[in-house]
Structure formats: structure tokens, C-alpha cells
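Subject: Handover of a structure, with findings

Dear colleague,

Please find below the structure that I am handing over to you.

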Amino acid sequence: MKVTLQILENTYPLMCEPHERDLLLEAAEQLNLSLADMRRDNPKVPLERLVILGALQMTFDLLLERQTIAREVSMVNQVSEKLISALSQAIAEENLGD
């Protein structure tokens with residue numbers, strides 16, 4: 001499926017799978033908003049540099065989110081292990097009592 005993205009003053013026609021369309025449009029909108037903010041704050045910065053800085057910021061944010069998710073998954077795994085251990089111990093004690 002063909003989709004056309006508008007990023008600042010440039011138009012980019014792309015092909016994507018139908019199920020990817022909405023997410024791709026949302027990503028382009030997010031990029032466009034970020035670049036527009038950067039351009040407003042730095043009007044003399046060339047477009048190419050703006051795009052590189054925007055990509056760097058988005059990549060940094062993505063990596064930060066991945067770290068946060070990894071920490072949260074680790075915490076959930078630790079709690080799950082404690083719960084499983086406590087449940088196993090309770091079952092073992094129940095079986096001894098029978």
C-alpha cells in the first residue's frame with residue numbers, strides 16, 4: 001500500500017503493509033512535531049542537521065524506554081519467582097500435613 005508522508009516541507013511517498021500504515025503515519029507525525037519544535041527553537045540550523053539531531057533524540061528516547069522496560073520486566077520476574085517459591089512452599093507444607 002502506498003502512503004505519503006509530509007515531513008516539514010518535504011513529501012515522501014512510501015510503500016508499506018496495510019497493517020503498518022497507521023503506525024507509520026503516527027511516527028511521521030511525531031517526527032514532524034519534533035522537527036517543527038527544533039526548527040522553531042533553532043531557525044538557522046540547516047534541515048539536514050535538524051533531521052540528524054531529531055533522529056538522535058528519538059533514538060535516545062527509544063533506548064531510554066527500552067532500559068526502563070528491561071528494569072520493569074526484571075522486577076516483575078523477581079516478584080513472580082518469589083510468589084512461585086512461596087506457593088510451592090505452601091503446597092509442600094499442605095501435602096505434608098495430609
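The notes below describe a helix pair, a nonpolar core and some individual residues.

This is a predicted model, in which local features need pLDDT of at least 70 and side-chain atom pairs count only at pLDDT 80 or more, while totals for chains, interfaces and linings use all residues. Residues are numbered from 1 along each chain as its sequence is written, and side-chain values use heavy atoms, with hydrogens and water left out.

Helix pair

Helices (H or I, at least four residues) and strands (E, at least two) are DSSP runs, numbered from the N terminus. Helix α1 covers residues 21-41 and helix α2 residues 47-97; their axes come within 10 Å and cross at roughly 120 degrees. Axes here are lines fitted to C-alpha atoms, for helices over the stretch in contact, and angles run from 0 to 180 degrees between N-to-C directions.

On the α1 side, the contact (heavy atoms within 4.5 Å) is made by Q30, L31, L35, M38 and R39; on the α2 side, by L47, L50, V51, L53, G54 and M58. V51, in helix α2, is partly exposed, with a relative accessible area of 36%. Buried means under 20% relative accessible area, exposed over 50%, and partly exposed in between (1.4 Å probe, protein chains only).

Nonpolar core

A nonpolar core is a set of buried Ala, Val, Leu, Ile, Met, Phe, Trp, Tyr and Cys residues joined through side-chain atoms within 4.5 Å. The largest one has nine residues: V3, L5, I7, L8, C16, A28, L35, M38 and L50. Strand β1 (2-7) and helix α1 each supply at least two residues of this core. Leaving aside residues up to four places away in sequence, L50 touches L8, L35, M38, R39, N42 and V45.

Individual residues

L8 is found in the loop between β1 and β2 (10-15) and is buried, with a relative accessible area of 16%. L8 has a positive phi of about 50 degrees although it is not a glycine. Most residues other than glycine have a negative phi.

Q89 lies in helix α2 and is partly exposed, at 48% relative accessible area.

Yours sincerely
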